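Hi,

Here is the structure I said I would pass on. Have a look at it first, and then read my notes below.

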Amino acid sequence: MGLIWTLIIGAIIGAIAGAITSRGAAMGWISNIIAGLIGSWLGESLLGSWGPSLAGMALIPSIIGAVILVLIVSWLVGRANK
């Protein structure tokens, strides 16, 4: 049950990051989950694990990390499409 909870929270974090950057609508749920999980790891690695936590992920650093990840990936995809 822990893995499912982690995937759900990862999807929510990825969806929030996509909404903040206005690039999440085209990403889809699988991309949101991946962005949320990797962004959570990135945010906690850079900023620590402060703030409220769900499913072992500190929410504020996780969202910040996911926003950074979404911006970097969308920038890279935009450059590749030109």
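At roughly what angle do the axes of H2 and H3 cross, and within what distance do they come? They cross at roughly 115 degrees and come within 6 Å.

Before the rest, a word on where this comes from. This is a predicted model, in which local features need pLDDT of at least 70 and side-chain atom pairs count only at pLDDT 80 or more, while totals for chains, interfaces and linings use all residues. Residues are numbered from 1 along each chain as its sequence is written, and side-chain values use heavy atoms, with hydrogens and water left out.

Now back to the helices. Helices (H or I, at least four residues) and strands (E, at least two) are DSSP runs, numbered from the N terminus. Axes are lines fitted to C-alpha atoms, for helices over the stretch in contact, with angles from 0 to 180 degrees between N-to-C directions.

The angle makes H2 roughly perpendicular to H3 (under 35 degrees is roughly parallel, over 145 roughly antiparallel, 65 to 115 roughly perpendicular, the rest oblique). On the H2 side the contact (heavy atoms within 4.5 Å) includes Ala-35, Ser-40 and Leu-47, and on the H3 side Pro-61, Ser-62 and Val-70 are among the partners. Sorted by class, the contact of H2 with H3 has 10 nonpolar, five polar and one charged residue (Ala, Val, Leu, Ile, Met, Phe, Trp, Tyr, Cys and Pro are nonpolar, Asp, Glu, Lys and Arg charged, and the others, Gly among them, polar).

H3 (residues 59–81) also packs against H1 (residues 2–21), at about 55 degrees and with the axes 8 Å apart. That makes H1 oblique to H3. From H1, Ile-9 and Ala-17 are among the residues in this contact, with Ser-62 and Leu-71 among those from H3. Here the classes are 11 nonpolar, two polar and no charged residues.

Ser-40, in helix H2, is buried at 4% relative accessible area (buried is under 20%, exposed over 50%, partly exposed in between, with a 1.4 Å probe and protein chains only). Beyond four places in sequence, Ser-40 touches Ala-35, Met-57 and Ser-62. Ser-49 sits in the loop between H2 and strand E1 and counts as exposed, at 59% relative accessibility. Leaving aside neighbours within four places, Ser-49 contacts Glu-44 and Ala-58.

Cheers
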